[in-house]
Amino acid sequence: MSDTPLPQPLLEDEELERLDEFLDSKSVDPDALDLISAHGFLVALAVAPRELEAATWVAELFHGEPAFVDATERSEILGLLEKLRDNAIATLEQGGLPELPFELTLDGVPPEETPIGDWCAGFMEAVFLDETAWFEQDEETVATLLLPFMALSGLFEDEPDMAEMAADTARLESLVIQLPDLVLDLYLHYRVPPETPKPVPRKKKPAGRGPGRGKR
């Protein structure tokens, strides 16, 4: 029997449908994140090394303030967004994996043309929102963990290294499969202190003749 935990859904299907309906409506700026991108964005906020004020990330997600019908709708939609993020935190805190809103395969399609690319782009949008905090603790490790998100997002296709990786379809497929585990790895990176090496006991020196211990 495998010890790999089953990915946990972060919202019920009807809650996701309600968010999808609202984010796709005329109440929202055309440049706002759609449901898939918003899901990646909120999962990244759950992983992030420090919490941002809601006003900051809400404005980024919506590209401004949506035209909510009334205070009730505003409370409903913002509540669903916060619930998705909070459920991601709870899942990761227990060592679980978040369920991602797509099949973990590209099927030969370029990532940027798939929901996978949209989700990773949303994830990276949250990273850009507080980039200094993400990279100030062991920049090399963080860059390595974020590389799959960057490669699959399509946001860095002009960089030579990324273009080379984008041409390697087998490698891209392997990166997609790793995404849920990488989310957990990033979460743990910021919250589990690195192990410090145990001090090595000093070897005892053989007893010698100290001062004044001459031969009798």
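Residues are numbered from 1 along each chain as its sequence is written, and side-chain values use heavy atoms, with hydrogens and water left out. Because the model is predicted, local features need pLDDT of at least 70 and side-chain atom pairs count only at pLDDT 80 or more, whereas totals for chains, interfaces and linings use all residues.

**Figure 1. Overview of the helical protein.** The protein has nine helices and zero strands; helices (H or I, at least four residues) and strands (E, at least two) are DSSP runs, numbered from the N terminus. Of the 216 residues, 41% count as buried, that is, under 20% relative accessible area with a 1.4 Å probe, protein chains only. Among contacts (heavy atoms within 4.5 Å) with a separation of 6 or more, 74% join residues 24 or more positions apart.

**Figure 2. The stacked pair Phe22–Phe68.** The two ring centres lie 5.3 Å apart, with 5 degrees between the planes. Rings of Phe, Tyr and Trp (its six-membered ring) pair if their centres lie within 6.5 Å; planes under 30 degrees apart count as stacked, over 60 as edge-to-face and the rest as tilted. Phe22 belongs to helix α1 (residues 13-23) and Phe68 to the loop between α3 (54-62) and α4 (71-93), so the pair ties together parts that are 46 residues apart in sequence. Phe22 is buried at 2% relative accessibility, and Phe68 is buried at 15%.

**Figure 3. An aromatic cluster.** Phe102, Trp119, Phe123, Trp134, Phe149 and Tyr190 form one cluster. The count of aromatic pairs in the model comes to ten.

**Figure 4. The largest nonpolar core.** This core has 66 residues; a nonpolar core is a set of buried Ala, Val, Leu, Ile, Met, Phe, Trp, Tyr and Cys residues joined through side-chain atoms within 4.5 Å. Those with the most contacts inside the core are Leu61, Phe62, Trp119, Phe123, Trp134, Leu146 and Phe149. Leaving aside residues up to four places away in sequence, Leu61 touches Leu23, Ala32, Leu33, Ala38, Phe41, Leu42 and Leu81.

Figure 5. Buried residues of α9 include Leu179, Pro180, Tyr187 and Tyr190. The buried residues of α9 pack against α2 (35-47), α4, α5 (115-129), α6 (131-135), α7 (139-153) and α8 (160-166).

Key. Buried means under 20% relative accessible area, exposed over 50%, partly exposed in between (1.4 Å probe, protein chains only).
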